Protein chains: 2
Amino acid sequence: MNIGEIARRSGVSRSTVSYALSGKRSVSEATRQRIQAVIDELGYRPNAAARALKEGRTRTLGLVVPPPRRRLTPAQLEFVAGVVEATDRADLDLLLSPSGDDHDRSFERIVGGRRVDGVILMEIRLDDTRVRRLQGLRLPFVTIGRTARPQGMSWVDVDYAALIGRCVDHLADLGHRHIALVNRSAELLASGHGPAHRAKEGFADAVTRRGVEGVEVGCADDVAAGEACVQGILSAHPEVTAIATINEAALPGVQRALESAGLDVPGRFSIAGVTARHRAEQFHPQLTAADVPAVDMGATAVDFLVERITEPDAPPRRHLFVPPISLRNSTGPVPAPR
Amino acid sequence: MNIGEIARRSGVSRSTVSYALSGKRSVSEATRQRIQAVIDELGYRPNAAARALKEGRTRTLGLVVPPPRRRLTPAQLEFVAGVVEATDRADLDLLLSPSGDDHDRSFERIVGGRRVDGVILMEIRLDDTRVRRLQGLRLPFVTIGRTARPQGMSWVDVDYAALIGRCVDHLADLGHRHIALVNRSAELLASGHGPAHRAKEGFADAVTRRGVEGVEVGCADDVAAGEACVQGILSAHPEVTAIATINEAALPGVQRALESAGLDVPGRFSIAGVTARHRAEQFHPQLTAADVPAVDMGATAVDFLVERITEPDAPPRRHLFVPPISLRNSTGPVPAPR
DNA sequence: TTGTAAGCGTTATCAA
DNA sequence: TTGATAACGCTTACAA
């Protein structure tokens, strides 16, 4: 079933069928209807590969996701959801590439084989080899998160530094003088993970600015690590009365550790963070947090990417999201010292 | 950058380059190395669209997912993860199509435009229009879940009827005589949702077989519905001492309702279900449940699909998973009547 | 208003 | 061992 067959059965040339479909040339109403009838009868749809070959574009976007072996965080899931929806709204298709490190086969296939018109990258390192590869190929791309030198690229990101600063401000305003930062893991930090670095910096700045004591601890992205991490803080730094965190995956463990230590939240201990709304609401009690607008961010990334594809010479676009902190029930005044 | 350019620079014909790459014809070691050097230098990769056009296959699978507007359940997420990983292992690409209902634009693009060599469908209805469309197109597909008449098709599924039966058995063995089934929503049931139907049937069978009282209630896929649903059961049927459920998304609400009713689990109330392991372990106390092996199921679906693509005449494959019930801490002997 | 034909980048057949 | 060439299905410039 191809365009030639449709042409034959409608008694016209292939170009007329093509033009009837695209509307790029006027076709008499009579023949247009005849062609349409044949198309409907046979259920014809143009072959995407042939069209891509001829037009030099695939009408497809690529989304590079972290390998799903290790469960994605709620915010990551919402990035994906936002990208999926926005791509669909733009009538484009979406190719998924699970690629953690560089030189991933699937990444190379998609990107080198020109299977997509542009790529959305998430989980960006401060120095990211995939970014450099894409720049070398001159393939349009947008990052969710940003490198250390994001000039000249299109990206969306959350201002982790500012948000962690606001968490510290909020806690300090409530009288807390000893605050711990539960960051992402030390490995991630060492590998140049942007949010981990920027949270660390924002925390250090805020702590000096407010003249309070800060402890920063790394924590892997899982429940057990969260529990162990908080236990560690409580025993090594018993003076700490509040936590600020960007580690979504650890939150259930954090909660568990606080519960088993018998520390009532927010009566005896406070916690504030940066996380997807869903996670904040699942926390017990509900978590005071800056809600990462991840669905919006995914959709915005798609918008930016479409713009880079259709107008390669337009200046790059960027958006740094700074969502407000939603006051919920996990923060309260510092308890009177015993 | 195309094969002609590589040929020119290597001083050979395009066919020689093609054969050097595919190995389908012997090429002298000397020229092979010369060609490879040029390829490496220029970073050439064959254009996927041209290859797809010529070969008549895309090396791409399609995965039709429920629109992510409404958060996917843990089991659905694990299906996707399993499919993503297995597709990657098979060196194939994966095109994502968010399509709930029929006549979805993205579904039609992927399937009608022959963008994929085969399709994996999830959230199957007992009578599913997408399945019929795929059969009409003679496009290979595999379903996660199955229709009312799954003969002649390849599928993987979980035996919800049997598993809910086992939950009832387990609860009845513990002395419970009044058991409620928290099913998926009435709308889903009405629309012919397989698991909802099969859970309902399995529950009805088991309840008669064991001579206990059964109450079946529909419940939407969210926390609030779960809470309301359990409150309804407790007030309308105060004699109920145990719940069996397949509704993952409602579980946090179920837990909340039980807690606020002051019903200790498993001391005063028991609950068993069918859900992803992750969800079972998140429940408090950890949930006695048949753990849906969703990652395996996704991977198996990919295996079946690849087989249907490469050997269209081989008999269809199917696998009905019946995972054992993992005894955790949410079920106990029926409490003595007050 | 419509038709003819070139060309997109591959692979594979037929010749040499 | 290698090269020339047709063909995959489409879009579009050029003719009529």
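Which residue forms a salt bridge with Asp127(A)?

**About the views.** This is a predicted model, in which local features need pLDDT of at least 70, side-chain atom pairs count only at pLDDT 80 or more, and totals for chains, interfaces and linings use all residues. Residues are numbered from 1 along each chain as its sequence is written, chains are lettered from A and ligands numbered from 1 in the order in which they are written, and side-chain values use heavy atoms, with hydrogens and water left out.

**View 1. Asp127(A) pairs with Arg132(A).** The two residues form a salt bridge (a side-chain nitrogen of Lys or Arg within 4 Å of a carboxyl oxygen of Asp or Glu), and their closest N and O atoms are 2.6 Å apart. Asp127(A) counts as exposed because its relative accessibility is 55%, while Arg132(A), at 47%, is partly exposed. Here buried means under 20% relative accessible area, exposed over 50%, and partly exposed in between, using a 1.4 Å probe and protein chains only.

**View 2. A salt bridge joins Arg209(B) and Asp169(B).** The N to O distance in this pair is 2.8 Å. Arg209(B) belongs to helix H10 (residues 194-210) of chain B and Asp169(B) to helix H8 (residues 160-173) of chain B, so the pair ties together parts that are 40 residues apart in sequence. Helices are DSSP runs of H or I with at least four residues, numbered from the N terminus. Asp169(B) is buried, at 19% relative accessible area.

**View 3. Glu281(B) meets Arg277(B) in helix H13 (residues 277-282) of chain B.** Their salt bridge spans 3.1 Å from N to O. The two residues are four apart in the helix, and therefore separated by about one helical turn. Both Glu281(B), at 29% relative accessibility, and Arg277(B), at 48%, are partly exposed.

**View 4. Salt bridges link residues of chains A and B in a network.** Look for Asp91(A) and Asp93(A) together with Arg105(B), Arg109(B) and Arg115(B). Over all chains, the count comes to 51 salt bridges.

**View 5. Helix H2 (residues 14-22) of chain A crosses helix H3 (residues 29-42) of chain A.** Their axes come within 10 Å and cross at roughly 90 degrees, so H2(A) and H3(A) are roughly perpendicular (65 to 115 degrees). Thr16(A), Val17(A), Ala20(A) and Leu21(A) of H2(A) make the contact (heavy atoms within 4.5 Å) with Arg32(A), Ile35(A) and Ile39(A) of H3(A).

Terms used. Axes fitted to C-alpha atoms, helices over the stretch in contact; angles between N-to-C directions. Parallel < 35°, antiparallel > 145°, perpendicular 65-115°, else oblique.
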